[in-house]
Amino acid sequence: MHELKIGILHSLTGTMASSERPLVNAALLAVEEINAQGGVLKRQLKPCVADGASDPEAFAYQARKLLNDDHVATLFGCWTSASRKAIQPEIERAGSLLWYPVQYEGLEQSQHVIYGGSCPNQQINPSVHWALARGWRRCLLVGSDYVFPRTANLLMASLMRANGGEVIGDHYIPLGGEDFTDLMGKIRALRPDVIFNTLNGDSNLAFFRQFHAAGFDASVLPVISFSITEDIQHQIAGEAMGHYACASYFQTL
């Protein structure tokens, strides 16, 4: 029986690895289950796993290798919009498909990408209205410095202002950044009602640990996060207790 190769391209190293390794495991489990049921078109799936290393250039290189050298039929992968945009030309050039599993900022449509996650109207909008309904009208926006956080924060700012809220500041840190000393000072000076968090990867670990160490408490200053995985939530269960995460699906529920 001929095998059918599929590419699984996620970050196994770097700042996004803690978020993306579970997606690799989920894909491999799905392959195992599908093969146990006879495969696809009477062919067993053969997963080819590659490491995007939390770097868009590495993602583009690995996508090119999977498509041109390994001859995979399709790709499953990426977390950040930056990595997705980096491999999109390779996918389109090969006439293949990318199955993209996480939330994204919208403003893009490709016949070669299946967008599997929630869009801002399904995640950002309800969260902003939920916060406003609790009287949290002065917000601070915190995010990693790339496409999704900046686009999501533009929408949050628009929604806040349109509904009587106020954005009193924003703060961006490079993907993988772990120094939030300046941000802690900004939070203490600005005294927001709520923080909307679009940090990604290991930056969430550093942020919540430093936030807790600075003496901030969820009962006084809640943080609502949009890109924090359940695995990371477990790692900071003590420091992040009482804060909020918004996603379309939680395995623990």
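## Cores and sheet of a predicted model

The largest nonpolar core here holds 21 residues, and Phe180, Leu183, Met184, Ile187, Ile195, Phe207 and Phe211 have the most contacts inside it. A nonpolar core is a set of buried Ala, Val, Leu, Ile, Met, Phe, Trp, Tyr and Cys residues joined through side-chain atoms within 4.5 Å; buried means under 20% relative accessible area with a 1.4 Å probe, protein chains only. This is a predicted model, in which local features need pLDDT of at least 70, side-chain atom pairs count only at pLDDT 80 or more, and totals for chains, interfaces and linings use all residues. Residues are numbered from 1 along each chain as its sequence is written, and side-chain values use heavy atoms, leaving out hydrogens and water.

Elements giving two or more residues to this core are β6, α6 and α7, and α7 supplies the largest share, five residues. Helices (H or I, at least four residues) and strands (E, at least two) are DSSP runs numbered from the N terminus.

| Element | Residues |
|---|---|
| β6 | 138-144 |
| α6 | 181-190 |
| α7 | 203-213 |

Leaving aside neighbours within four places in sequence, Phe180 is in contact (heavy atoms within 4.5 Å) with Ile173, Leu199, Ser203, Ala206, Phe207 and Gln210. A second, separate core of 20 residues includes Ile124, Phe148, Leu159 and Cys246.

Now to the sheet. Five strands form an open, parallel sheet in the order β2-β1-β3-β4-β5; two strands pair if DSSP finds at least two bridges between them. The edge strands, each pairing on one side only, are β2 (44-51) and β5 (113-115). Strand β1 (residues 3-10) pairs with β2 over eight bridges, and Glu3 has Gln44 as its bridge partner in β2.

How values were computed:
Buried means under 20% relative accessible area, exposed over 50%, partly exposed in between (1.4 Å probe, protein chains only).
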